[in-house]
Every structure is written in structure tokens, then in C-alpha cells.
Amino acid sequence: MGTPKALLPWARGTMLSHAVDRLRAAGLEPWCAGPPDWALAAACAHLEDDPPLAGPLGAIAAALRQGDAFVLAVDMPLLTPEEIVRLIEVGEAAQFAAVPIAAGGPQPLAAFWPGYLLSYLRQYLDSGGRSVLSFLAEAPHIRLQEPDLVRLGVDPGHLRGCNTPEEYLALTQGGGGEVP
């Protein structure tokens with residue numbers, strides 16, 4: 001993309017500041033697992049990946065050290081605070097990771113993760129595992145299919161992200177990202 005997704009313009013700030021704002025609006029205390037200066041710019045606490053260089057699982061492990069967590073990738077700017085709360089409620093009730101299935105597959109980076117999974121995740125990471133989906137295949141989780149999401153009041157289209165400049169442009173044109 002040429003620029004880290006967290007720093008791309010979105011709404012009145014960046015994709016990162018927008019994610020932090022939505023988590024706060026959902027009643028959560030946001031944490032940033034990225035460079036410390038990103039957390040400072042987004043006015044939120046910083047988490048060091050644990051272990052470093054483990055990809056998203058290092059960030060998830062760092063978040064789970066704090067307890068239950070809602071993990072939200074910055075490149076999913078359409079998910080609303082209300083939808084985040086609904087996903088958390090399902091996960092808390094089940095005491096499993098609550099993983100939406102939309103936009104072509106599982107979305108573990110827009111999901112509730114219970115804190116007790118940390119011990120399992122540490123074992124997986126210590127054995128050299130780095131795939132979020134491979135870890136989830138072994139971990140207690142519920143898969144929220146599109147009909148489940150709709151029943152919960154979560155728009156499956158809000159779980160699409162952007163990994164290419166074209167996907168980012170499509171989100172900004174149709175998703176409310178008022179990019180200057």
C-alpha cells in the first residue's frame with residue numbers, strides 16, 4: 001500500500017484513530033499493538049507484541065495478558081461500536097472466541113478473545129506456530145456465520161477490510177471514510 005494501513009486517512013483522522021474511537025464508543029479501553037508512537041498519536045496505551053515478530057498472534061497474546069479482549073484490525077473501519085458490543089456479548093456468553101465468518105472467510109481480527117486462551121496461545125507460539133487460523137482450529141471458538149451475524153444485528157459487509165490500494169479506495173468511496 002506504500003503506507004502502513006494504520007496511518008491511512010479515514011474520517012477525521014487515520015484508520016488507527018478511527019479504530020480507537022470506535023472501541024472507546026463501545027465502552028472499551030483501546031490498546032495499540034504497533035509502534036509506540038502510533039499509540040501516542042492515537043492517545044491510547046501501547047502493548048508490546050509477545051513474542052515480538054509473531055505477527056498478529058503476538059499482538060493478540062499481548063492483549064490477552066490484560067484479560068478478555070476484542071481484537072480489531074485497523075483495516076476494518078466499517079464495524080460500528082454497536083456491532084462490536086454484540087460480538088463481545090456473544091463471546092462472553094459462550095466463553096469462547098467469537099469469530100465472525102464474512103467477507104470470504106473467518107475474521108479473527110474482528111473478534112472477541114477470552115483471556116483464558118492465553119495459556120493455549122503461549123504453547124502454540126512456543127512451538128513455533130504463527131498462523132491465527134491454525135491456532136483457532138485448535139482453540140475453543142464459535143463461528144458466527146453470516147445468518148448469525150444478521151440475527152445479531154451485525155452487517156457482514158462491515159467486516160470487509162482492505163489489503164490493496166483498490167480495496168482501500170472502494171472502502172473510502174462507499175464506506176464513509178471521508179478521505180481528504
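The legends below describe several close-up views of a predicted model.

Residues are numbered from 1 along each chain as its sequence is written, and side-chain values use heavy atoms, with hydrogens and water left out. Because the model is predicted, local features need pLDDT of at least 70 and side-chain atom pairs count only at pLDDT 80 or more, whereas totals for chains, interfaces and linings use all residues.

**View 1. Helix α3 and the elements that cover it.** Helices (H or I, at least four residues) and strands (E, at least two) are DSSP runs, numbered from the N terminus. The buried residues are Leu57, Gly58, Ala59, Ile60, Ala61, Ala62, Ala63 and Leu64. Their cover includes strands β5 (69-72) and β8 (110-113) together with helices α5 (117-126) and α6 (132-138).

**View 2. Strand β5 and its pairing with β8.** Strands β5 and β8 pair in the antiparallel sense over 4 bridges, pairing being assigned if DSSP finds at least two bridges between two strands. Within this pairing, Val71 has Ala111 of β8 as its bridge partner. In a regular strand the side chains alternate between the two faces of the sheet. In β5, Ala69 and Val71 point one way while Phe70 and Leu72 point the other way, and all of them are buried.

View 3. The structure holds 3 aromatic pairs; rings of Phe, Tyr and Trp (its six-membered ring) pair if their centres lie within 6.5 Å, with planes under 30 degrees apart counted as stacked, over 60 as edge-to-face and the rest as tilted. One of these pairs is formed by Trp113 and Phe135, whose ring centres are 6.1 Å apart with planes at 10°, so the pair is stacked. Because Trp113 lies in strand β8 and Phe135 in helix α6, the pair ties together parts that are 22 residues apart in sequence. Trp113 counts as buried at 0% relative accessibility, and Phe135 likewise counts as buried, at 3%. Together with Tyr124, Trp113 and Phe135 form one aromatic cluster.

View 4. The rings of Tyr116 and Tyr120 have their centres 6.4 Å apart and their planes at 80°, so the pair is edge-to-face. Tyr116 is partly exposed at 34% relative accessibility, as is Tyr120 with a relative accessible area of 43%. With Phe96, these two tyrosines form a nonpolar patch on the surface that has about 280 Å² of accessible area together. Patches are made of residues with over 30% relative accessible area and no salt bridge, like charges being joined within 9 Å and nonpolar side chains (Val, Leu, Ile, Met, Phe, Trp, Tyr) within 5 Å; accessible areas come from the Shrake-Rupley method with a 1.4 Å probe, and for residues only the protein chains shown count as cover. Phe96 is found in the loop between α4 and β6 (97-102) and counts as partly exposed at 32% relative accessibility.

**View 5. The surroundings of Asp75.** Asp75 is placed in the loop between β5 and α4 (81-94), and it is buried, with a relative accessible area of 9%. Its side chain meets that of Lys5 in a salt bridge (2.8 Å, N to O), a salt bridge being a side-chain nitrogen of Lys or Arg within 4 Å of a carboxyl oxygen of Asp or Glu. Since Lys5 lies in the segment before β1 (9-10), this pair ties together parts that are 70 residues apart in sequence. Lys5 counts as partly exposed at 25% relative accessibility. Leaving aside neighbours within four places in sequence, the contacts of Asp75 (heavy atoms within 4.5 Å) include Met15, Arg160, Cys162 and Leu171.

**View 6. A network of salt bridges.** Asp50, Arg65, Arg122 and Asp126 are linked in a network of salt bridges. The side chains of Asp50 and Arg65 meet in a salt bridge (3.0 Å, N to O). Asp50 lies in the loop between β4 (45-46) and α3 and Arg65 in the loop between α3 and β5, so the pair ties together parts that are 15 residues apart in sequence. Arg122 and Asp126 meet in a further salt bridge (3.7 Å, N to O), and both lie in helix α5, 4 residues apart, about one turn of the helix. Arg122 is partly exposed, with a relative accessible area of 24%, whereas Asp126 is exposed, with 61%.

Definitions and conventions
Buried < 20%, exposed > 50% of the residue type's maximum accessible area, 1.4 Å probe, protein only.
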